[in-house]
Amino acid sequence: MCLHHAGGSAAMFRDWPRMLPASIDLIAVQLPGRADRSDERLCYDMDELVDSLVEVLAPLMAEPVALFGVSMGARVGWSLAHALRERALPMPRALYVSASVAPSLERRIRGWNGPDEGLVRYMRELGGTPPQLLDDPELLSGMVATLRADLTVLSTHTYQPSVPLDIPITAFAGAADEESPPHQMEPWRGETTGPFVMHVLGCGHFFDPDAVQRVTETLVTDLRDLGREQARRRDGEARGPSSAGSPRGRTGDRS
């Protein structure tokens, strides 16, 4: 399940299915108030957003599910994983986060409660938005409203769990990302008692084609390994304690 960045849409993942094998089904979440959900009201609260995602995700958890989030989507995915655990629902197999400062670090989000001009300036400085869209007043008005709602979700969310997750977390940091540089993504390590890996990519806040290729290749390898691990554990349980081998986990080396 893939979660897009603030002000974005599920369209950012439109090319990913062709980079993934048929054994991996990509579910790209479209948050309300944009694209094909533009007739729905925008969401300004993380708890409300996560509750709606739990309702959608819970029936899917009979199958192995991993969460992948970009920027805001990383924080939403992290919050969603905690919500699933608090409700004693099946957990995702792994959490993948990119372009997002670790939740334990204080981060001031620019412009979320200021004038529209500040948000437009923020979008121009961050990049990732085609200039022709920023120069179209009607389109720009809608983008500003969507971005403000998403940044409000992030800025007003103060949840700090008392217990970390226990699932693997993999982080992707852009070497040239000034919003969420690698040293501010490294503390994601403390958000789980399970394995942690961080990959530093040669991009900025937004993925370039080379980064997308490396990310998708990593996902494919990881998910295959996790699938094999689950199969080994099932086989061990079927054979019983006397013949089951010790489960093997991933190491947390940084690359």
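In this predicted model, cysteine 2 has phenylalanine 68 of β3 as its bridge partner. Strand β1 (residues 2-3) and strand β3 (residues 66-70) are joined by 2 bridges and pair in the parallel sense. Both strands belong to an open sheet of 6 strands with parallel pairing, in the order β2-β1-β3-β4-β5-β6. At its edges are β2 (28-29) and β6, each of which pairs on one side only.

**The helix on the sheet**

- Helix α2 (residues 72-86) packs on the sheet, where it touches β1, β3 and β4.
- The direction of helix α2 makes about 145 degrees with that of β3.
- Strands of a sheet, in general, pair through backbone hydrogen bonds, in either a parallel or an antiparallel manner.

- Strand β5 (residues 169-174) is largely enclosed by the rest of the structure, because 6 of its 6 residues are buried.
- Ile169, Ala171 and Ala173 point one way from β5, while Thr170, Phe172 and Gly174 point the other way; all are buried.
- On one side, strand β4 (residues 94-98) runs parallel to β5 and is joined to it by 4 bridges.
- Within this pairing, valine 97 stands opposite alanine 171 of β5.
- Strand β6 (residues 196-201) also pairs with β5 in the parallel sense, over 6 bridges.
- Glycine 174 has leucine 201 in β6 as its bridge partner.

**Aromatic pairs**

- The whole structure contains 5 aromatic pairs.
- One of them is formed by phenylalanine 13 and tryptophan 16, an edge-to-face pair with 5.0 Å centre to centre and 90 degrees between the planes.
- Both of these residues, phenylalanine 13 and tryptophan 16, are buried.
- Phenylalanine 13 also forms an edge-to-face pair with phenylalanine 68, at 6.3 Å centre to centre and with 85 degrees between the planes.
- This second pair links distant parts of the chain: phenylalanine 13 is in the loop between β1 and β2, phenylalanine 68 is in strand β3, and the two are 55 residues apart.
- Phenylalanine 13 has a relative accessibility of 1% and therefore counts as buried.
- Phenylalanine 68 is likewise buried, with a relative accessible area of 3%.
- Ring pairs join Phe13, Trp16, Phe68 and Phe172 into a cluster; of these, Phe172 is one of the buried residues of β5.

**A charge over a ring**

- The charged end of arginine 75 sits over the ring of tryptophan 78, at 5.9 Å from the ring centre.

- Most residues other than glycine have a negative phi.
- Alanine 35 is not a glycine, yet has a positive phi of about 50 degrees.
- Alanine 35 is found in the loop between β2 and α1 (46-57), and its relative accessible area of 47% makes it partly exposed.
- Alanine 88, again not a glycine, has a positive phi of about 60 degrees.
- The place of alanine 88 is the loop between α2 and β4; with a relative accessibility of 70%, over the 50% cut-off, alanine 88 counts as exposed.

Conventions: Residues numbered from 1 in each chain as written. Predicted model: local features only at pLDDT ≥ 70, side-chain atom pairs only at ≥ 80, totals over all residues. Heavy atoms only, no water. Buried < 20%, exposed > 50% of the residue type's maximum accessible area, 1.4 Å probe, protein only. Pairing = 2+ DSSP bridges. Contact = heavy atoms within 4.5 Å. Axes fitted to C-alpha atoms, helices over the stretch in contact; angles between N-to-C directions. Phe/Tyr/Trp six-rings, centres within 6.5 Å; stacked < 30°, edge-to-face > 60°. Lys NZ or Arg CZ within 6 Å of the ring centre and 35° of its normal.
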